[in-house]
Amino acid sequence: MEPPKGYYDMLNKNESKGFLERFNKFKNNFMGVTCFSESDDIKKMWKDYASENSGFCICFKTNYDIDYFNSLTKIKYVEELPTIDLKSENFVNGLLEFYTTKLSKDYFFEEEHRLIKKNQGIVKYKKECVEEIILGNKMSTPTKNKIINIIKENYSSDVFVTQS
């Protein structure tokens, strides 16, 4: 993956004021990150990432869409996060390493993998990849019904809908 067009021009502007804001805007227009876990029953994740058990979890069969999931990377858990040399020829590799690393003591329980795609916007996976939707045990009935209807209308009958 190469840095996006105009990246080095953006870095070479001699204004330090607003640099971080410009860099973050640029980075957000360059890549998208999606997070996955090996486990669907970690209570802390349901609490923190699924609105106190009122959200949902999508379980994927990643082998059904190799093109979409080809860059799925297991997170490295470390004691110290890597630094990124923004002007390095290896900037993109440094950014990818940064986005696939977490502090071990705080996040190891997540068993996380990340999928990093170039450019922002919607990147679609094959519908056949969806194996199961797990609804949080505190999800409202109207939300539950809406998700079930979306699954019935858009996915095969092979997709299981369960509740945590």
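Analyst: Buried means under 20% relative accessible area, exposed means over 50%, and partly exposed lies in between (1.4 Å probe, protein chains only). This is a predicted model: local features need pLDDT of at least 70, side-chain atom pairs count only at pLDDT 80 or more, and totals for chains, interfaces and linings use all residues. Residues are numbered from 1 along each chain as its sequence is written, and side-chain values use heavy atoms, leaving out hydrogens and water.

User: What makes Glu52 and Lys47 a salt bridge?

Analyst: The rule asks for a side-chain nitrogen of Lys or Arg within 4 Å of a carboxyl oxygen of Asp or Glu. The closest N and O atoms of Glu52 and Lys47 are 3.9 Å apart, so the pair qualifies. By this rule the count is six salt bridges.

User: How do you know that Glu112 forms a salt bridge with Lys102?

Analyst: Their closest N and O atoms are 2.7 Å apart. Glu112 lies in strand β6 and Lys102 in strand β5 (residues 101-103), so the pair ties together parts 10 residues apart in sequence. Strands here are DSSP runs of E, at least two residues, numbered from the N terminus.

User: Why is Glu112 called buried?

Analyst: Glu112 has a relative accessible area of 4%, so it is under the buried limit. Lys102 counts as buried at 11%. Arg114, which forms a salt bridge with Glu112 at 2.7 Å between the closest N and O atoms, is buried at 11%.

User: Which residues are linked in a network of salt bridges?

Analyst: Lys102, Glu110, Glu112 and Arg114.

Technical notes
Helix = DSSP H or I, 4+ residues; strand = E, 2+ residues; numbered from the N terminus.
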